[in-house]
Amino acid sequence: MTPADDYTDIRDAVRALCAEFPPEYHRGVDEKRGYPAEFVDALTKAGWLAALIPEEFGGSGLGLTEASVIMEEINRSGGNSGACHGQMYNMGTLLRHGSDEQKKYYLPKIASGELRLQSMGVTEPTTGTDTTKIKTKAERKGDRYVINGQKVWISRIQHSDLMILLARTTPLEEVEKKSRGMSIFIVDLKDAIGNGMEVKPIQNMVNHETNELFFDNLEIPAENLIGEEGMGFKYILDGLNAERALIAAECIGDGHWFIDKVTAYAKERVVFGRPIGQNQGVQFPIAESHIEIEAASLMRFEACRLFDANQPCGAQANMAKYLAAKASWEAANACIQFHGGFGFATEYDVERKFRETRLYQVAPISTNLILSYVAEHVLGLPRSF
Ligand SMILES: Cc1cc2nc3c(=O)[nH]c(=O)nc-3n(C[C@H](O)[C@H](O)[C@H](O)COP(=O)(O)OP(=O)(O)OC[C@H]3O[C@@H](n4cnc5c(N)ncnc54)[C@H](O)[C@@H]3O)c2cc1C
């Protein structure tokens with residue numbers, strides 16, 4: 001038995017909930033460029049998005065392994081965790097680095113869904129992946145911080161109450177290490193929008209709500225600083241391994257969806273007097289993708305196992321994300337290819353899932369950056385940037 005065969009209780013329960021939202025539901029949301037509010041509400045009410053919040057704060061106190069199974073099942077059902085995964089893992093920053101007051105105030109409300117912490121503002125238009133060069137700054141003025149700058153690609157702002165924001169509190173020229181001098185803050189979006197923060201939506205290939213954010217003297221209370229001033233970049237990095245493992249799980253869910261879909265179609269579609277799935281030219285890419293998804297899944301479980309045991313898991317989390325994003329993309333290609341023209345018809349859902357899974361080669365971290373992590377941190381090759 002592999003770890004993938006475990007957690008049947010969680011799988012069955014998440015599958016049952018997801019079954020109430022058939023393909024027509026997700027297709028309709030995608031066509032309208034809408035938000036799956038009912039789906040996210042149902043997941044929240046059932047407590048699935050609070051899996052990682054400890055019981056003392058109203059969550060279910062499960063491990064990353066179980067959380068990854070939840071994300072996997074959402075995507076395997078034909079849904080897209082991208083609408084709500086922020087609610088699952090953004091709170092980790094608060095949990096690890098927030099003060100007791102912040103944890104007691106925010107976490108129970110996040111667990112119940114009263115407050116949505118769906119957004120994290122890191123990326124900037126002029127710096128991209130080179131995060132230590134961010135230009136958004138936060139200046140302390142009495143009991144407030146004043147924020148000026150710009151962010152790009154920030155997800156789910158219109159479906160979130162709170163955002164974790166990374167900004168420079170000490171200029172880059174004045175810090176000993178470039179990773180120092182940045183801080184993270186909780187931004188109350190309702191207070192901020194129109195009062196120093198403007199939001200400009202970015203239409204994109206996926207139905208994934210993203211925005212440009214403009215800060216012009218946005219004032220936030222000093223008590224909204226998370227942890228110690230100047231340590232924000234480290235705090236963000238601390239959360240990345242969990243994020244990588246969960247995104248890997250979503251890709252694995254997508255991969256299974258593509259394989260299930262194309263296998264069923266290849267058995268029934270008859271061309272030249274036989275099912276197309278009888279041709280090895282059709283079978284092999286599907287079989288290959290299946291093998292790669294299963295391998296990625298094992299790496300995901302290894303990353304989660306180490307994370308849950310408080311052991312270093314950077315290599316495994318990054319490798320799981322790399323393998324899973326690649327495997328789901330290969331499965332997507334096989335699925336669309338062997339649906340022939342029908343793969344492009346919206347009613348088959350293949351083109352939608354195809355677009356959705358493509359994102360994960362670029363965000364939240366691009367494949368190249370994972371390769372450089374492994375080259376440098378696992379293999380000891382010289383740092384390339
Ligand atoms: C739909 C979507 C949602 C997103 N949501 C959020 C969000 O909620 N919050 C947030 O902060 N950000 C978000 N992002 C931003 C995302 O994290 C970045 O797009 C991603 O990290 C890549 O950064 P970039 O776009 O600036 O690319 P760049 O850094 O400009 O890189 C461009 C390309 O060059 C390659 N490259 C760059 N440097 C190197 C190098 N040294 N070696 C080899 N290759 C290199 C990269 O791999 C990449 O393919 C989102 C993006 C998208 C598309």
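**Entry 1. Overall dimensions**

I looked up the radius of gyration, taken over C-alpha atoms: the protein has 21 Å, which agrees with the value near 21 Å for a compact globule of 385 residues, by the rule of 2.2 Å times the number of residues to the power 0.38. This is a predicted model, in which local features need pLDDT of at least 70, side-chain atom pairs count only at pLDDT 80 or more, and totals for chains, interfaces and linings use all residues. Residues are numbered from 1 along each chain as its sequence is written.

I noted that the C-alpha trace spans about 80 × 45 × 40 Å along its principal axes. I found 13 helices and ten strands; these are DSSP runs (helices H or I, at least four residues; strands E, at least two) numbered from the N terminus. Of the 385 residues, 45% count as buried. The cut-offs for burial are 20 or more other C-beta atoms within 10 Å of the residue's own for buried, 12 or fewer for exposed, and partly exposed in between, with C-beta atoms placed from the backbone.

**Entry 2. Domains**

I took the bounds from an automatic or database domain assignment: domain 1 is 3–112, domain 2 is 119–230 and domain 3 is 234–378. The centres of domain 1 and domain 3, over C-alpha atoms, are separated by 20 Å. Their contact takes 28 residues from domain 1 and 25 residues from domain 3, a contact being two C-beta atoms, placed from the backbone, within 7 Å. On the domain 1 side, α4 (64–76) is among the helices that supply at least two residues, and α4 gives the largest share, ten residues. By class, that side has nine nonpolar, twelve polar and seven charged residues. Here Ala, Val, Leu, Ile, Met, Phe, Trp, Tyr, Cys and Pro count as nonpolar, Asp, Glu, Lys and Arg as charged, and the others, Gly among them, as polar.

**Entry 3. Core**

I checked the largest nonpolar core, which has 107 residues; Phe185, Ala245 and Ala320 have the most contacts inside it. Such a core is a set of buried Ala, Val, Leu, Ile, Met, Phe, Trp, Tyr and Cys residues joined through C-beta atoms within 7 Å. Helix α9 (residues 232–268) gives the most to this core, 17 residues. Leaving out residues up to four places away in sequence, I found that Ala320 touches Arg244, Ala245, Ala248, Ala296, Met299, Arg300 and Ala303.

**Entry 4. Ligand shell**

I listed 24 residues around the ligand, of which Val122, Gly128, Thr129, Ser366 and Asn368 come nearest; the cut-off is a C-beta atom, placed from the backbone, within 6 Å of the molecule. The elements giving two or more residues to this shell are β1 (119–121), β3 (144–155) and α13 (367–378). The shell has twelve nonpolar, twelve polar and no charged residues. The ligand lies between domain 2 and domain 3, because both give residues to its shell.

Most residues other than glycine have a negative phi, and most peptide bonds are trans. I found the peptide bond from Ala363 to Pro364 to be cis, with omega near -5°. Pro364 is in the loop between α12 (350–358) and α13.

Arg156 has a positive phi, near 60°, and lies in the loop between β3 and β4 (162–168). Arg156 counts as buried because 25 C-beta neighbours lie inside 10 Å.

Asn217 has phi near 55°, also a positive value, and is found in strand β7 (residues 210–221). Asn217 counts as exposed, with 12 C-beta neighbours inside 10 Å.
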